[in-house]
Each structure stands twice: as C-alpha cells, then as structure tokens.
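Subject: Structure for your review, with notes

Dear colleague,

I am passing on the structure below, and my notes follow directly after it. Please read them alongside the coordinates.

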Amino acid sequence: MITKEAETTAAPTPAAHRPVARRAARPSRRRAWDEVPRRHIYLPLGLYLVFTLVPFYWMLLFAFRPTGSSSLVPWPLTLEHFGKVWNERSFALFFKNSLIVGALSMLLTTLVALAGGYALARFDFRFKRGFMLILLCSQFIPGALMLVPLFQIFADLRMINSLGSVIIAEAVFQLPLSMILISGFIKNVPYSLEEAAWVDGCGRLRAFCAVVLPLLRPGLIAVGSFAFVHSWNHFLFALMFLSDQSKQTIPVGLATLMGADSVDLGALAAGGVIAALPVVLVFAFIQRWLVTGFSAGAVKG
C-alpha cells in the first residue's frame, strides 16, 4: 500500500512551475553574452564600416580635390567640379527633371497603392489569393523585358520623349510591392474603429480618411520614400523613353560624364555627390518613420 508521502514525492512537477526553470536559465545567457570581449563585436563592425565608407570618402576626395592633385586629403577644398557639372554639363536641369519624376511617381504610386491595398485588406473576393500571388510574381520580371511593349504603347500614345512616360512606367513597376505593403499596414488597424465611425454616421470614405488614414502615416512614408528613391536612381526607363537631352534625369546625366577614351573623375565624383545628396537627406529625415512603418507592416499581411 502506497502512503500519501510516497505519492507526494513521486508526483510530477506541475506544469505551472516549468516556465520558471526556463526563465531562470535566461539570465545566464545574458551574462554569457555580456562576457564576450568587445573586440569580437567592434572588429567586424569596424571592418564593415571601412568597406562601406571608403568608397564614399573616395568620391568626396575626387569631388573636393583640385584637378591634378594626388593628395589623400582634399585640401585645399575646391568647388570647381561642382560648378562645372552644374552649369556646363546641365546638371541643374537634370536635377529638376529627376525631382519631377521622383515626386510625381511617388505620389501616383502611393495613391493607387493606397486604394488597392485597402481593397486587399478589407474586402474578400474570388481569386484574391491568386491575385496576391500574381502581384508577388510580377516582382521577378526585370524591367528590361518590358521595354519593347512599353515603348510601343507610349509611342502609340505619343508620349515618347515625355517625362510622363517615365513617371507612369516607374509607378507601374512599383505598384505591386507597394500594394502588398500597404495592405499589411491596413490590416494592423482594427476594423472595429471603422465600424464605430459608421455607427456615428460616417460613410466608408469619410471613415477611412478620418480614422484609418492618420494611423497609416508611418507606412505611407515608408512606401513613398522607397518609391521616390527607386525613381530617382532608375536609369533604364529614362534612357529609353527620353531622347531629348533637356529632359534627361540625373542617372543618365552621370553616364554622359564618361567618355569613350577618358573620364573626368572630378566631375563624375561631383555629379555622384549631387545625385546622392537628396537620397541621404530623405532617409535622414524619415528614419524613425521608416523603422516604425516597416515594423508595423511586418506583423500581419
């Protein structure tokens, strides 16, 4: 006959106490991580920074160093290369064209993706999963494969040598991923908020503008910033659809600085600094919104 004391000692540990043992093991892992020598962390990070920043320093060196100088320090500083590309090589006009293409393609992409993303997030329709799969698969198609049909379409519409052709092409190629991202952002907004607005007398459009849209600000900034940067840096569409030099963009303008027999390194480096400056400023100002937006869109979708 088994006594109560034996039953007590033989009884298994209750499940409620098991997580305590696992939680007790975690501080030891943190202590083990704290005991890792700092050089094992800083050395790889330092090598990565050197690998990343040296090309940028080399570009700044050639941009600010006088012509004919071989010094590894850009001193005395000179702006002759910037004046040359800005005034003599029409970079002021290229910069303006790139701003127009980037801003309008960003606006068009964001507006259309907002409408499509809302439909994907809030409505159920036939072949919805198949449509999402097509959107994802379209990202694997290189833009070069679509140059011939796009050129024919824009030629029929008499839009060749027009900034509108580049704007539309950029927006179309960025729409699939933008719609998927925005649909993920909208799914994170509780549907009950819209229902409460409907009960108060708002229509669907007014409820969306008053309730959902303010909560989508980080996601819209993330999508819009990537649309702008992609349009700003894209070379192929501007090269193929724009034949007039006065309508070219910054990437094509950089290509004109490289001749068949020689390259003006100072002018090319100055043009690279001018091309990189807007992108750096955009990410510097929207960094916190960018991190918040993509962390919000990664939860559901």
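How many helices and how many strands does the protein chain have? The protein chain has 15 helices and zero strands, where helices (H or I, at least four residues) and strands (E, at least two) are DSSP runs numbered from the N terminus.

Please keep in mind that this is a predicted model, in which local features need pLDDT of at least 70 and side-chain atom pairs count only at pLDDT 80 or more, while totals for chains, interfaces and linings use all residues. Residues are numbered from 1 along each chain as its sequence is written, and side-chain values use heavy atoms, with hydrogens and water left out.

Overall figures

Of the 301 residues of the protein chain, 33% count as buried; buried means under 20% relative accessible area, exposed means over 50%, and partly exposed lies in between (1.4 Å probe, protein chains only). The protein chain exposes about 19,000 Å², of which carbon and sulfur atoms supply 69%; accessible areas come from the Shrake-Rupley method with a 1.4 Å probe, and for residues only the protein chains shown count as cover. Among contacts (heavy atoms within 4.5 Å) between residues at least 6 apart in sequence, 73% join residues at least 24 apart.

Helix H4

In helix H4, which spans residues 80-88, the residues His81, Phe82 and Val85 are buried. They cover an arc of only 100° around the axis, which puts them on the same side of H4, the arc being that of the directions from the helix axis to the C-beta atoms. An α-helix has 3.6 residues a turn, so residues three or four places apart point the same way. The buried residues of H4 pack against helix H3 (39-64), helix H5 (91-122) and helix H14 (265-285), whereas the face of H4 turned away from its buried side carries the exposed residues Asn87 and Glu88. Just after H4, Ser90 takes a positive phi of about 65°.

Ser98, found in helix H5, is buried, with a relative accessible area of 2%. Leaving aside its neighbours within four places in sequence, Ser98 is in contact with Trp232, Thr249, Ile250 and Pro251.

Salt bridges

Which salt bridges does a search of the whole structure find? The search finds two, a salt bridge being a side-chain nitrogen of Lys or Arg within 4 Å of a carboxyl oxygen of Asp or Glu. In one of them the side chains of Arg122 and Glu194 meet at 2.6 Å, N to O. Arg122 lies in helix H5 and Glu194 in helix H9 (residues 191-199), so the pair ties together parts that are 72 residues apart in sequence. Arg122 counts as buried at 14% relative accessibility, and Glu194 is buried at 0%. In the other, the side chains of Asp124 and Lys128 meet at 3.6 Å, N to O; here Asp124 is exposed, with a relative accessible area of 76%, while Lys128 counts as buried at 17%.

Aromatic pairs

The count comes to 14 aromatic pairs, where rings of Phe, Tyr and Trp (its six-membered ring) pair if their centres lie within 6.5 Å, and planes under 30 degrees apart count as stacked, over 60 as edge-to-face and the rest as tilted. Among them, Phe91 and Phe94 form an edge-to-face pair, 5.6 Å centre to centre with 65° between the planes. Both lie in helix H5, three residues apart, about one turn of the helix, and both are buried. Separately, Phe151, Phe154, Phe173, Phe237 and Phe241 form one aromatic cluster.
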